Amino acid sequence: MTDIPKNRLSKSHISVAQNASGRSLNVPIYRISDNAPGPRVYIQSSIHGAEVQGNVVIYHLLQALSSQKINGEIILVPNCNPVGTNIKAGEYTLGRFDPVNGTNWNRGYHYDEEQVFSFADSVQENDTQEQIKQAFRQSIAKAIDNKLSQPWGLGLAQQLNLRLQQIATTADIVLDLHNGPVSTRHIYIPEYAKSAAYEFSIPHCIFIPNKFAGALDEATFCPWWTLQETLQARFSREFDFGVQAFTLEMGSQEVIQFDEGEKDAVSILGYLSQKGMLQSGDYKPASMRRIGVMLKDYRTMFTDFGGMVEYCVAPGQHVKAGDTMARILNIDDLDNHKAVQNVVAPCDLIPILHFPSASVLSGTQLYKCFTEYFEL
Ligand SMILES: [Zn+2]
């Protein structure tokens, strides 16, 4: 890779946590800008520590951006959860939850709906959209600062989330790079930004409502979406603050693939190009088949049986109702007809991801599937 000149790229570090030796756990922050006006983008990877492919994607983004002039600023935060990445058990990374208390590393971001309503009340009829945007952004940043500095302290995951969110809050576009367990590529898109499905080159799109459950994408778009709707109702005119956030699921966890990562980077560059951020016309969204689903129709399939599993359908494969999706071997019944139990598809569906292990307890989430899906 050619070095990116220092006048385009700045590299700094923030401390997101401290280990038991009192050492700061730092995360690098790469900022690229050509001092041309445009949106600010924030991209982070590996908040779930086993989901490492996003780091390769960020590497390829840097590589591509070394020869691209940009409008606006791109902030890249790879391996943003150094705690999660380093928690190993045997051969595996326990990256999804803090093992001390079971907290999901992607559920501690800040959103306060009441704060949005009271901010909306303070907006005056003749405030410009830019004034409202700046003031609202400041009010979110202040709420996060207050949360981090309150005297009772916060849990590790929440502290880490809020420190990252302080940076993400400055951005117009937030991309959170994840992976499924064993997974095909898919993306979560807020319903109000549905057209973004055509701007990325990702085959499976999940449309999500204005509902906060703790994740970074929701913490980013819920306040702006709610503010837009509240102001539209109050002033009977359109508001669009241009803030968008997405969770991109770049294949399977515990996997690094440089070549696939380059394709993922190209997909992101196609989107950024649509947002006017690349001065060249080098990148465009692919013309490809895209399939969408509403979040309510993205269903989890659990197994009623414990045992040893063969996953019979691959992520991304189109499956008909009644097709066998998994075969489960019960070692207590090897001598009789109950030795193998089949799990069948309850309807036509597309499995998007499956559990990574071949041994399961009853009640395990075997697959997550698109049902009632539609062509985009
Ligand atoms: Zn994840």
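Two strands are taken to pair if DSSP finds at least two bridges between them. Helices (H or I, at least four residues) and strands (E, at least two) are DSSP runs, numbered from the N terminus. The views show a predicted model, in which local features need pLDDT of at least 70 and side-chain atom pairs count only at pLDDT 80 or more, while totals for chains, interfaces and linings use all residues. Residues are numbered from 1 along each chain as its sequence is written.

**View A. Strand 12 and its pairing with strands 10 and 20.**
Strand 12 (residues 291-294) runs parallel to strand 10, to which 4 bridges join it, and in this pairing I291 of strand 12 stands opposite H204. With strand 20 (residues 374-375), strand 12 runs antiparallel, and 2 bridges join the two; here G292 stands opposite F374 of strand 20.

**View B. Domain 1 and domain 2.**
The domain assignment, with bounds that come from an automatic or database source, gives domain 1 (9-288) and domain 2 (298-370). The C-alpha centres of the two domains lie 33 Å apart. Their contact, for which the C-beta atoms of two residues, placed from the backbone, must lie within 7 Å, takes 8 residues from domain 1 and 9 residues from domain 2. On the side of domain 1 that touches domain 2, the elements giving two or more residues are strand 8 (182-183) and strand 10 (204-208). By class (Ala, Val, Leu, Ile, Met, Phe, Trp, Tyr, Cys and Pro count as nonpolar, Asp, Glu, Lys and Arg as charged, and the others, Gly among them, as polar), that side of domain 1 has 3 nonpolar, 5 polar and no charged residues.

**View C. The open sheet 8-17-19-13.**
Four strands form this open sheet in the order 8-17-19-13, with antiparallel pairing. Strand 8 and strand 13 (298-302) are the edge strands, each of which pairs on one side only. Strand 13 pairs with strand 19 (residues 365-370) in the antiparallel sense over 5 bridges, and R299 has C369 of strand 19 as its bridge partner.

**View E. Packing of helix 1 on helix 7.**
Helix 1 (residues 53-65) packs with helix 7 (residues 258-274) at an angle of about 60°, and their axes are 8 Å apart; axes are lines fitted to C-alpha atoms, for helices over the stretch in contact, and angles run from 0 to 180 degrees between N-to-C directions. That angle makes helix 1 oblique to helix 7, given that angles under 35 degrees count as roughly parallel, over 145 as roughly antiparallel, 65 to 115 as roughly perpendicular and the rest as oblique. The contact is made by Q53, V56, V57, H60, L61 and A64 of helix 1 together with F258, G261, E262, D264, A265, I268 and L269 of helix 7. These contact residues divide into 8 nonpolar, 3 polar and 2 charged.
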